[in-house]
Amino acid sequence: MLSVRDLTVSLGPERAPVDIVAGVSFGLARGEILGLVGESGCGKSMTSLAVMGLLPQPGPRVRAGQVLLDGSDVTQLQPWQRVEAGHGRMAMIFQEPMTSLNPVRRIGDQITEAVQVHERLAGAAALARARELLELVRMPDPGMQLSAYPHQLSGGQRQRVMIAIALACRPQVLIADEPTTALDVTIQVQILGLLRELCNRLDMAILFITHDMGVIAQLADRVAVMYAGRIVETAPVGALFEAPRHPYTSGLMDCMPSRNSGARRLPTIAGQPPKPSRVAAGCVFAPRCASVREACRLATPPRAEVAQGHEVLCAFPLNGGGLP
Amino acid sequence: MWSYALKRAGTTAVTLLAASVIIFAFIHVVPGDPIYVLLGDTATPDQIDALRHQLGLDQPIILQYLNWAGHVLEGDLGRSIFFQAPVLSVIADGAETSVLLATMTMIWVAIIGVPIGMIAAVRHGTWLDQGLSGAAMLMASIPTFWVGLYLILIFAAWLGWFPSSGYPSVFEGGLGNLRYLILPSLALAAPNAALILRLTRASMLDVAREDYVRTARAKGIRPWQVVRRHILRNALLAVVSAFGFTFAALLSEAVVTETVFALPGIGRLVVQSILRRDYPVIQGVILVIVVVYLLINLVVDLSYRLLDPRVELQ
Amino acid sequence: MSRVGATLWLQPFMARPIALAGLGVLLVTVLAAAFAPWLAPFDPYAIDPMIRLTPPNAAHWFGTDQFGRDTLSRVIHSARMALLIGSGVVVFALATGVPIGVLSALFPRLGHLLMRMVDVLMAFPALLLALGLIVILGPSVANAILAIGVGYMTTTTRIVYGLTLRLRAETYVEASRSMGAGTVWLIGKHILPNLVSPLLVQASFVFAFAQLGAASLDFLGLGAPPEIPSWGNMLAESRTFITRAPWLLFFPGMMIVATAFSLNLVGDALRDRLDPRFRQVFGEKG
């Protein structure tokens, strides 16, 4: 449904570009949820904005690569240009439900606006459709909420409204950029459940971006782990949690409280991710890697398929039999 | 909302009270005995004694202030030495010109400053934006009286399209007399339109960075619709409130322009009263303008909150 | 300022040719003021009734006025008054605004009172406040500086107050405070050094608007005494002759515009270099 190839997003002048996303590739099938996971600043949000065609202007730009949506090339097309050209449909929800809705316009207006563009409905018909969408996202009392302002809703309700707006675009692909990070844990569980349900019911693909491995375990079918602007490991969620093959993924999972319930202190990964402007030769993770070897500092590691659907960007992947 | 309105009105009242003390003190710190100040230097000793008693200047200063404030609240701002008439009526005579001039200026400011500011914001970062923003800064750097003199030279003296000075009331000569105010209002509009242009641009760029604008773009709405429905309204809230402040400031900023065009407004009244040492008029004008300024600020602030649906929450 | 600091300050001008041009105009103005007696081709006060109101020509590049005085020489000498008033207003605004603003931010109780007083002063429109003070003090150059300065004292105080509050909240200031640093140390070590850049921005804007304010006072006959050459005075005198001698209007006015515009350009370039946290303290007005 969605295929991203060698996507490179850069900042700075044309002559000396700084790549904040460096050659990212992944695919996404109908009805599948792909979790894109990484620390803050690893480029996962930039990847999602670049795919969506919403990179802030002026600012970062897509320097190379391709985004294919339902077979058509939508690289660097903004949402309205995709609508105009009649390409596949993609929608997005964001991290901050508090600020992502216009504070001075009613909920109903903000949903019907999307309905008008994507379903060519107007007036009462559009409003009725907005109400349906609110029901679909299990909004309590949807008829009343249409005339409410965002500040009158709770955080979870606002995120439901955001999802309703996204659904109004009849998306084949939904990009969710940390949609539950700003919410309470109980609300978080409800929203994740809702996304899973909508994914199945509407046969929609979801690209779910998060820094939280726990959320990935709960929701995703497949995982792509990002580090310093690169995808370092891609695997089905079960395989990844069972036996991470990239040292970074492994380190990331050691930081999860559940896996180390016996330990007093959670382990950490020493050091800081490199700045995109200071990426040295060799493997980007080499300076922080626990099992680094001489060769890692010299050559860029190859992308290796260690098992069916399990790729890793590492010259010396960890043993497949799990952690010692 | 009501509690906020009361609180806001309270601070305005306190500020006004403090300002009134300063304005009251004015007549006591200008050089010379207030009595001479009030009567002019041709007064006879009898007149002086009579006035001193009448004004209660032999009383403690606090009582004098309360006395003065009481008169002010009754609408008695004293008597003009030059006009031999109540100060309030002298000011009222100039009010028509000043209010019409300020209104006309604001119309120019609105039709020049706001749309051009919008264009600059939409074309943010292009040469057009840089050119318009630079031009606005240039306009803000030009003295209004210099613009005024050039307008007189070109449109009054050379082309003869507009009168160069004076203003006969519209109530006597009909609306056609508004042509007397066209050149002065244009001169006065130049720097103010520049400020509003920059403010419109800045506040649109601020709003354009908001998350909800990204949401709107994600919906697939065309860029112009995003601007119209999501950026413009939110950005103009800030601009509209600046309109109120600018209007209030114009009533006194017009001092120089009214002098250039010999308009019988409050501004020229101040300058002439300074040259005539007609202190009660100066005091009265300052008081009236400060009151108007504070009231407009209060109204603008409250209506701004009324327009914003978020205040229901508080 | 260290060499690195100096390059940092020059950088915004290098990237923006128009701001560099502004810097150039200011330099020329300063040189004109400094070397006025040598640069001016004639005595600015010399009256010659034979050549009253001559248009610009080879001998008198900018023409002559109603007394036959050389306009170019008067324009050059006027640069002195412009710089004097501008720097006087800046010094006054900073000398009053900085202490009041810093102390208000560090001592909240005193600060509340002082900032309320600033609010009261701000209820008086700037030009009206200046006129009122001129009435009390009488017209003179020093009083013009004071009268215009008071208006900018309030804005400067507000800005310094806002900046100091931000700085005070920063962790390192808190930290040094908790380690027992005295207030004087705090101000000298952490607050004033951080105020230098934003105050430089404020100074350029105040300098620019002081030019316009002074020109207005001169024009109304309430600023510098009429016999002193100043651009505002020259414009006030030229008023009567605008149709007969438009050049008298052009040159002094251009000088006011050029200096005020250059200062605004410089201030704008410096502001864009400011830390974003500080930038928002400079709202829509300068």
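Helix 4 of chain C and helix 9 of chain C cross in a right-handed way, that is, with the near helix turned clockwise from the far one by less than a right angle. Helices here are DSSP runs of H or I with at least four residues, numbered from the N terminus.

Before I go on: this is a predicted model, where local features need pLDDT of at least 70, side-chain atom pairs count only at pLDDT 80 or more, and totals for chains, interfaces and linings use all residues. Residues are numbered from 1 along each chain as its sequence is written, with chains lettered from A and ligands numbered from 1 in the order in which they are written.

Back to the pair. Helix 4 (residues 71–106) and helix 9 of chain C pack at about 145°, their axes 8 Å apart. Axes are lines fitted to C-alpha atoms over the stretch in contact, and angles run from 0 to 180 degrees between N-to-C directions.

Which residues meet? Among them are Val89(C) and Ala93(C) in helix 4, and Ala203(C) and Val206(C) in helix 9. Contact is C-beta atoms, placed from the backbone, within 7 Å. The residues of this contact divide into 16 nonpolar, three polar and no charged; Ala, Val, Leu, Ile, Met, Phe, Trp, Tyr, Cys and Pro count as nonpolar, Asp, Glu, Lys and Arg as charged, the others as polar.

Now the whole chain. Chain C has 12 helices and zero strands. Of its 286 residues, 46% are buried, meaning 20 or more other C-beta atoms within 10 Å of their own. In helix 11 of chain C, 22 of 28 residues are buried.

Definitions and conventions: Buried ≥ 20, exposed ≤ 12 C-beta atoms within 10 Å, placed from the backbone. Helix = DSSP H or I, 4+ residues; strand = E, 2+ residues; numbered from the N terminus. Contact = placed C-beta atoms within 7 Å.
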